[in-house]
Amino acid sequence: MPSIAESFFGLIGKKTGSFLSDIHFASKLINDTFYWALISPFKGRAIRFRACVSEMVQVGYNSVPIVAVISLFVGIILALQAAYQLQKVGALIYVADLVGVSLTRELAPILTAIIVAGRSGSAFAAEIGSMKAAEEIDALVTMGINPVRFLVVPKLLALMIMLPALTLFGDLIGMIGGFLLAITELGLHPYNYFQQTVNALVMQDVITGLVKALSFSVVITIVGAYQGFRVEGGAEEVGRRTTASVVVSIFLVIVFDLFFTAMFYFFS
């Protein structure tokens with residue numbers, strides 16, 4: 001019977017081996033994904049554009065209603081919270097500054113990414129995981145079809161296009177929400193509010209949000225695909241991996257948001 005020390009160090013070794021295996025698999029997946037997306041098209045292996053368009057409809061167009069509603073409400077909430085403090089010093093006009101800058105630089109990218117992670121990232125994991133459980137991935141390999149090129153690359157390219165587009169859409173709808181509250185409840189003149197927003201925003205604010213959205217799209221796709229390919233078992237394992245994809249995606253989105261926020265702050 002193994003001693004306590006042997007059991008303890010055996011457990012550590014097992015966990016370490018599992019962790020290193022996960023790192024190796026994730027690294028290989030990232031390498032393969034970017035190879036098939038960026039390099040192989042120049043070697044005669046065309047990207048599946050029809051699949052990309054189909055994925056763009058799924059992850060982008062179908063996400064418009066929920067992104068619009070949430071962005072509208074967030075814009076109204078921001079305006080209310082800003083007005084609560086700014087009215088004490090008679091500076092309600094600066095509600096426009098806070099709503100515009102906060103949405104473009106921070107809230108629209110991260111909220112849109114969280115919505116897409118819960119809606120599309122989980123779908124990526126469930127789709128690939130179900131194919132893995134049904135041995136359809138093995139069938140693709142047997143037919144000489146690379147599963148990363150066939151399944152992951154269209155999702156990645158679709159999300160890299162649609163997530164920044166959804167972010168811009170969220171920026172606009174959120175600012176409309178703040179605008180509507182300002183002119184109805186706060187008594188601000190529509191032209192003054194619009195002009196204050198234009199004066200407050202600079203191109204760097206918009207670019208910051210788009211860079212974040214682009215990085216979030218890569219994170220969400222890679223995490224969803226990784227969790228799907230790691231499925232080993234039946235429906236229960238697919239469900240567990242799908243849940244894990246949402247949790248890990250949201251965690252990494254916040255980590256990357258912190259990184260880019262700090263980078264743009266210190267180097268701007």
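User: Which exposed residues are carried by the face of H7 turned away from its buried side?
Analyst: This is a predicted model: local features need pLDDT of at least 70, side-chain atom pairs count only at pLDDT 80 or more, and totals for chains, interfaces and linings use all residues. Residues are numbered from 1 along each chain as its sequence is written, and side-chain values use heavy atoms, leaving out hydrogens and water. Exposed means over 50% relative accessible area, buried under 20%, partly exposed in between (1.4 Å probe, protein chains only). The face of H7 away from its buried side carries Tyr-191, Phe-194 and Asn-199.

User: Within what arc do the buried residues of H7 fall?
Analyst: H7 is the helix of residues 190-200; helices are DSSP runs (H or I, at least four residues; strands are E, at least two), numbered from the N terminus. Its buried residues are Tyr-193, Gln-196, Thr-197 and Ala-200. They line one face of H7, because, seen down the axis (by directions from the axis to the C-beta atoms), they fall within an arc of 100 degrees.

User: At what angle do H4 and H6 pack?
Analyst: H4 spans residues 95-133, and H6 spans 147-184. Their axes are lines fitted to C-alpha atoms over the stretch in contact, with angles from 0 to 180 degrees between N-to-C directions. The axes lie 8 Å apart, and the angle is about 145 degrees.

User: Which classes of residue make up the contact of H4 with H6?
Analyst: Nonpolar means Ala, Val, Leu, Ile, Met, Phe, Trp, Tyr, Cys and Pro; charged means Asp, Glu, Lys and Arg; the others, Gly among them, are polar. The contact of H4 with H6 divides into 15 nonpolar, 7 polar and 3 charged residues.

User: What is the volume of the largest pocket?
Analyst: On a 1 Å grid over the protein atoms alone, a pocket is an open set of points with protein on both sides within 12 Å along at least five of seven lines; in a cavity a 1.4 Å probe fits but cannot get out. Volume is the space filled by probe spheres set on the points, which are joined across faces, edges and corners. For the largest pocket it is about 440 Å³.

User: Which residues lie nearest the centre of the largest pocket?
Analyst: Lining residues have an atom within 4 Å of a point. H1 (4-39), H8 (203-229) and H9 (235-267) each give two or more residues to this lining. By class, the lining has 13 nonpolar, 2 polar and 3 charged residues. Of its 18 residues, those nearest the centre are Ala-26, Val-223, Tyr-226, Val-248 and Leu-252.

User: Which helix gives the most to the lining of the second largest pocket?
Analyst: This pocket has a volume of about 230 Å³. Its lining includes Phe-25, Asp-32, Lys-132 and Phe-229, with 7 nonpolar, 1 polar and 4 charged residues by class. H1, H5 (136-142) and H6 each give two or more. With 4 residues, the most comes from H1.

User: Which helix supplies the largest share of the lining of the largest cavity?
Analyst: The largest cavity has a volume of about 50 Å³. Its lining has 8 nonpolar, 2 polar and no charged residues. H3 (64-86) and H4 each supply at least two. The largest share, 6 residues, comes from H4.

User: Which helix gives the most to the lining of the second largest cavity?
Analyst: The volume here is about 40 Å³. Among the lining residues are Trp-36, Arg-45, Arg-48 and Arg-149. By class, the lining has 5 nonpolar, 1 polar and 3 charged residues. With 3 residues, the most comes from H6.
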